[in-house]
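Dear colleague,

Please find below the structure that I am handing over to you. My notes on what was found in it follow directly after.

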Amino acid sequence: MTEAQPRVPRKKIFVKTYGCQMNVYDSARMVDVMAPEGYTEAATPEDADIVVLNTCHIRERAAEKVYSELGRLRALKKQKAEKGESLLIGVAGCVAQAEGEEMRRRAPMVDLIVGPQTYHRLPEYVARLANGGPAIVETEFPADDKFESLPAPERKKTLARGATAFLTIQEGCDKFCTFCVVPYTRGSEFSRPLSRIVEEASALVDAGVREITLLGQNVNAWHGEDAQGRPATLGRLIRALAEIDGLARLRYTTSHPRDMDDELILAHAEVPALMPYLHLPVQSGSDRILAAMNRRHTAADYLRLIERIRTAQPDIALSSDFIVGFPGETEADFEATLALIAAVGYAQAYSFKYSARPGTPAASAENQLPEEVKSERLQRLQALLGEQQLAFNASCVGRTMSVLLDRRGRGEQQLVGRSPYLQSVHIEDAPAALFGKLVDVTIEDGYRNSLRGRLHENEAVTA
Ligand code: SAH
Ligand code: SF4
Ligand code: F3S
């Protein structure tokens, strides 16, 4: 029978991810949670019965992208309807959480609006919609534990996703920086229990994963209990995970400077699996602006912290986030940020123009800066960060380092991987059999955004 059956899903889901790595993790879990319902992942929206946009609300531009994509999906839904096919459109993530009902008004073709804390109920929502139920808007923070409802990672699917994986260990934020929507979209801080994290990590490693990045909006605020019931922080969790046989690399992101405790710093010195890379956002180098941002640390506090980290582990690549043009930022404030960057020396960094977000305290400040000032400062900041990044990459030339080959390059014989310091490393003449493997690579070139190297001679023999 070839007759189309609208409202009965033919079992393909496409999830498009915006925003941070936590959304990448959530998108993968949405696919996992639909698998027992018979859904597989579609390669394109055209090929799918359900399309979910997993959205980000962090800056205005990020949120606007969602609405232009919804415009395209509306056209696709119409095309499909003309062929007698159905398309269920869902919006998940932080825009869904922040806008809820308002999004229904702006984009009435959306069938399902679901916040980051309720996507584990996707099968139930899809069944309701398939039975002809009305559009669903779900933006509560429910009491049941989302993570407990998600299926364990499966070998087949995980292998398809590669040798690296994300694992969310902490969600939400209680810090309330005055520019930021995250405490409103993700809710208050929550840490998953240590034993559950170790279980999920072990399942990933059994499925072929070699590198795990632990995720949280404030990942180093993670706290729990160790196997003996003693209070544990992230350093202890990292030690427990490092004991998993076959797990070669551990990373974590994103950290807050206020939650960097001694145990975590010591783990950087003592746990070989913990990669020598730390993303530690400072946002600004001006104490006046840091106070207005409610960051609750000064530039000097941050510099002292960096010194402690480097004393424990001198071989570490540092990264940060910066916001330029926060309300009231003067040229002198901005120069303090440049001075902090010069003092630290970053291996890489992310930088953004301040974007006023509805409902956050800084959005209603009167001293908003003109767009041109923000653009000009961002350019100067990025020029300095770019120089530092190039200098760091150039300093790798001549060194031999381990690279996890997790992507295919442009050329047939090219594989791309990550160095311990998180740079992309391109390798030519790499046998395809090395895909997913950890190899020693001698770095020959350091560019601004990547490295190029060749397999160390021992690898050619043992590969
Ligand atoms: N929890 C992390 C970061 C979360 S958001 C932390 O505390 O550092 C990621 C980055 O987006 C932030 O570090 C900040 O640099 C940027 N960001 C957040 N809100 C922003 C806004 N309103 N305008 C511009 N950049 C913003
Ligand atoms: Fe946002 Fe600040 Fe929380 Fe980071 S610490 S998520 S910037 S409120
Ligand atoms: Fe964006 Fe939400 Fe992540 S606002 S950065 S997707 S926590």
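Strand 1 (residues 12-17) and strand 2 run parallel and are joined by 2 bridges; strands here are DSSP runs of type E with at least two residues, helices are runs of H or I with at least four, and both are numbered from the N terminus. Across this pair, Ile-13 stands opposite Glu-41 of strand 2. Contact, or touching, means heavy atoms within 4.5 Å.

Please note that this is a predicted model, in which local features need pLDDT of at least 70 and side-chain atom pairs count only at pLDDT 80 or more, while totals for chains, interfaces and linings use all residues. Residues are numbered from 1 along each chain as its sequence is written, chains are lettered from A and ligands numbered from 1 in the order in which they are written, and side-chain values use heavy atoms, with hydrogens and water left out.

Another open sheet has 3 strands in the order 14-15-16, and its pairing is parallel. Strand 14 (277-279) and strand 16 (348-353) form the edges of this sheet, and the twist averages 10° from one strand to the next. Strand 15 (residues 317-324) is joined to strand 16 by 6 bridges, and Phe-322 stands opposite Ser-351 of strand 16.

Domains and the nonpolar core

The domain assignment, which is automatic or taken from a database, gives domain 1 (11-138), domain 2 (152-275), domain 3 (307-395) and domain 4 (400-462). Taken over C-alpha atoms, the centres of domain 1 and domain 4 are separated by 36 Å.

Which residues of the largest nonpolar core touch the most other members? They are Ile-212, Leu-214, Tyr-252 and Tyr-346, in a core of 52 residues. Domain 2 and domain 3 each supply at least three residues to this core. A nonpolar core is a set of buried Ala, Val, Leu, Ile, Met, Phe, Trp, Tyr and Cys residues joined through side-chain atoms within 4.5 Å. Buried means under 20% relative accessible area, exposed over 50%, and partly exposed in between (1.4 Å probe, protein chains only). In soluble globular proteins, nonpolar side chains tend to be buried together.

Beyond four places in sequence, Ile-212 touches several residues, including Ala-165, Leu-167, Leu-204 and Leu-250. Ala-165 is found in strand 7 (residues 164-168) and counts as buried, at 14% relative accessibility. Among the contacts of Ala-165 beyond four places in sequence are Leu-204, Val-209 and Ile-212.

Individual residues

Is Arg-192 buried or exposed? Arg-192 is buried because its relative accessible area is 5%. This residue lies in the loop between strand 9 (190-191) and helix 9 (194-206). The side chain of Arg-192 reaches the backbone oxygen of Thr-168 at 2.9 Å; a polar contact is a pair of N or O atoms within 3.5 Å, where, within protein, one must be able to donate a hydrogen and the other to accept it, and residues adjacent in sequence count only if both atoms are side-chain atoms. Arg-192 is also in contact with residues including Tyr-25, Phe-147, Glu-200 and Trp-222.

Gln-389, in helix 15 (residues 371-394), is buried as well, with a relative accessible area of 14%. Among the residues that Gln-389 touches are Tyr-346, Arg-448 and Asn-449.

The peptide bond from Thr-253 to Thr-254 is cis, with omega near 0°. Arg-296 is not a glycine, yet has a positive phi of about 60°; it is partly exposed, at 42% relative accessible area. Asp-429, also not a glycine, has a positive phi of about 55° and counts as exposed, at 61% relative accessibility.

With kind regards

Key:
Two strands pair if DSSP finds at least two bridges between them. Axes are lines fitted to C-alpha atoms, for helices over the stretch in contact, and angles run from 0 to 180 degrees between N-to-C directions.
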